[in-house]
Amino acid sequence: MFTDRVEALAAVEDLARGRSGLRALVVWGVSGQGKTTLLSHVHATGWAGAKYGLAQLSSLIDPTVAAGGHGQGPDLARALLDAVADAVTELCPAKVRRKLMRAYRAGQADARAQWQVRIGMTAAHGSSITNSPVTAGGPSPAMWHAQYRQELVEALAELAEGAAAYPGIVLIDTSELLRLADEGARRDPDAGAPAADLDTWFTATVLKRLVAEHPGLRFVVAGREPLDLPVRHARVELTEWRQDDTAFFLDARGVPGDLSAAVHTVCGGTPVWTAMTADLILGTGRSAQPITLEARGPAQPITADWLRAAAAGQPAAGWLPAKYLERLSDDDQHRLLLAAVPRTLTHELWRDVCTDVDCTESDFHRLRRHSFVQQTPSGSLRLHPLVRSAITAYLHTQYPKRWRAAHRAAAAHFEAAGSLAEVVYHRFAASGADSGELTAWWQAQVTAALDAYRLDEANLLIDAVREAARPRLSPLLRAHTTYFRGRVEYFADDYPAAGDLLEQALGLYRESNDRRGQADTLRSLGNLARIRTDDAAAARRLALALGLYRDLDDRHGQAHVLRSLGDLARVRGDDAQAGPPLDEALGLYRELDDRRGQAHVLRSLGNLARVRDDDAAAEPLLNEALGLYRELEDRRGQAHILWSLANSARMRDDDAAAERLLNEALGLYRELEDRRGQAHALFSLGDLARVRDDDAAARRLLDQALGLYRDLGDRRGQAHALFSLGDLARTSDDDAAARRLLDQALGLYRHLGDRRGQAHVLRSLGDLARASGDDAAAEPLLEQALGLYRDLDDRRGQADTLRSLGQLAQLHDDHGEAGRLLERALVLHRDLNDRRGQADTLRSLGDLAQLHGDRAAAKGLLDQALELYRELEDRRGQAHVLWSLGDLARFHDGDDAAAGHLLEQALGLYRDLDDRRGQADILWSLGDLARARGDDAAARRLLGQALGLARAVLPESHGLVIGVRRSLGEPP
């Protein structure tokens, strides 16, 4: 019946059957012409026997935001390709789809991380990367952006190549939004502003590459404007009907021919309004059965003059829905008005909303006879968006009480159905104005979704308010929605986006003079700065928040901020400053009888005591927190505490207890389907296996954690896992893998703005360069790490790096500089009351004194280290020192008996720890000792044991394996 729609369907069929040799079809036309309806029909029916995947861009981009100058920036390219990837894999079996999407997401996440590194770290003059051992050659931000886009395309191309066995058609709707978003971005440019428009890039680069990688893939691209595609394609325009098209349609509907010209004039040739006018004239829907368009009193005939008078020069949306409704019976008008209230409609929902009139199954089916009521693939109904907008405006204006009652009834229906986002939409639509109680309830729902990492749900709840309140969105409600959008980005680890949105929210709260909103936002900004290791900004923002909460006498807010301030000081290594705010927070939570808050603070205090090596204080605090979480039946809290208790067990070398606790935590996380918690537990289990020299298990567990972090898009978790895998490769002498993994971790930390993470990796890269003999590279890397730790006022990090620099100076035979650096490290560890750090540094100083030949100093320093390790119950540290003391007795004192005794003690400890590398080292020393006293049989036995253990954990190329083989007289 629709002449040009028949043409469009025929063109899709030609494309599907490959008759024309085309790879694409462009369908275009202004709003209301039926483009979305056409694609939905093709997708739902499998038109012409083809398989289809649908990429609906309107679900990704809010056009009012894009057109308003707040385009989504460089991530819009990523979101666009994500939609296309979903559509391409829709053509594949479920198992293949999951595999392809997993690989695609990993590649896309890496591309984004590298882009953020390049842009975020490029200095203003474009020539150097801040805090990096390398320099950039000076490309502009636009060139970095182009490279980022190219890396995204590569990830999508790999997915398309993997899907090449599954031909089909990808349907791309509302393509005009690409240009709208670009226009918004150009009005608000940033350092990464694109050099080419998104629509041009998408068509000229993305589609061209996909067609090349997937020979069986074709496209239908629909939008308001015709895109110029670089592949063979046809175009079909869905136009406003010409007068003869209108006449053809009206004649087929049975509308008298003398009305055709007037209908065309008042509807402007728009199909949806033309069809609605035909319904009005005939009183019929799509079938020949009446809709009961009845006059209220004597029916006035609809003539050409009547149509022109009713329109009075207005667009159809301004007059037609009202006239249509006026000619319905009271009951049918009521039914149709209320059918427009929900966004989609089922019979059960409609019946619940229509409280004053019966809405039978038959009535529901009769709704479909209105030409503007569309059926979805699920069987529910929806009004055409243009018509729904006009009808709901009429209902709100003419019948405000009925409007509110309908929305309240819809909210009750969705509440019973468990559809929270729809409940939010209808409650806010019904409120008519800001309601403090309603807003507080909604804020609690969004907060709960965020706390459970249900980010998609949180976004739906935010969008529901924005849609329901538009265009009546008050500045305060706009502040709330912007604040929560910032919180979503924070939880998604997109810290730059989170910061921008939270700053916007802070400004809106200040305009609204909402001090609680300001305090909440400042607290979020403080925590964001803390995660990005901008400790000065974090302290400043948190202090401002604390002041506002105190002015408001909001003790909960005060407690939350004090806990953040305590955690900030703890992470900085300022243990003395961490305790008081945490103690104050605990006191407030106890006054408020907030057991969950108490548990959180007790956990922080326990972790603080653990970092201080005060296990006697740590375990009661952590166990008290565990008890509270159990009373609250908070299994996630219990899992977190078990994880902390496991770390405490690790610190005292009780690996068996640590493994048991971590597996218990992992079990809880799995019961909760908490993949982030599972990743954390697997990461810790991997680190534990690494310390125990079970490299195969460590690699397997860390790879599992990394996979989960990638699936979650958790870049911080990825960085931590890559760092541990890199350190594992480093200690296994796989320098190439270590460097590659550590470089990836460094890139992610830089993207996240995590300077502490950067410092840790730079120190590890420096140690790697030192171990491989590349002293020229090692020193600048360690100096950069030291500079970052100083900027962060991280004295523990400074002390550890000074020790590494001291060891490097020792390798250069610059024993004076080595001693000075190690002494500075020791002073810092003593200031921090860091006994483990003191012990490690005293051991290094003792080894240095031994090299000097200063036997007395070496013995005194090593004895001090041994005593500290014994106080800490650190058996691995004790074993290391006993080994050094054994070497001292043997080489300086010539006391082989004392040396053997000390080495045997060290061997016993390494065996208790199941530390096979440590055992191999000691057995090698004992074998050489036996040979020196002429006991060749014992020497070969001990060296054979050493070689077996070394080979179990190290490659043949490792120095220990080579050294033991040499002692055995084996050829190299």
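Here are some notes on the predicted model above, for a first look.

1. Some ground rules. Residues are numbered from 1 along each chain as its sequence is written, and side-chain values use heavy atoms, with hydrogens and water left out. As this is a predicted model, local features need pLDDT of at least 70 and side-chain atom pairs count only at pLDDT 80 or more, while totals for chains, interfaces and linings use all residues.

2. The overall picture. The chain has 46 helices and seven strands (DSSP runs numbered from the N terminus: H or I of at least four residues for helices, E of at least two for strands). Of its 972 residues, 54% count as buried (under 20% relative accessible area, with exposed over 50% and partly exposed in between, using a 1.4 Å probe and protein chains only).

3. Aromatic pairs. Searching the whole structure turns up 10 of them. Rings of Phe, Tyr and Trp (its six-membered ring) pair if their centres lie within 6.5 Å; planes under 30 degrees apart are stacked, over 60 edge-to-face, and the rest tilted. Tyrosine 483 and phenylalanine 484 make an edge-to-face pair, 5.1 Å centre to centre with 65° between the planes. Tyrosine 483 counts as buried because its relative accessibility is 9%, and phenylalanine 484 does so at 4%. Ring pairs also link Phe428, Trp442, Tyr483, Phe484 and Tyr509 into a cluster.

4. Helices α20 and α22. Have a look at α20 (residues 436-451) against α22 (residues 475-491): they pack at about 5°, axes 11 Å apart. Axes are lines fitted to C-alpha atoms, for helices over the stretch in contact, and angles run from 0 to 180 degrees between N-to-C directions. That makes the two helices roughly parallel (under 35 degrees; over 145 is roughly antiparallel, 65 to 115 roughly perpendicular, the rest oblique). Contact (heavy atoms within 4.5 Å) involves, among others, Trp442 and Val446 of α20 and Phe484 and Phe491 of α22. Its residues divide into seven nonpolar, five polar and one charged (Ala, Val, Leu, Ile, Met, Phe, Trp, Tyr, Cys and Pro are nonpolar, Asp, Glu, Lys and Arg charged, and the others, Gly among them, polar).

5. Helices α38 and α40. Here α38 (residues 795-811) and α40 (residues 835-852) pack at about 10°, with axes 11 Å apart, so α38 is roughly parallel to α40. Arg803, Gln807 and Gln810 of α38 meet α40 residues including Asp840 and Leu848.
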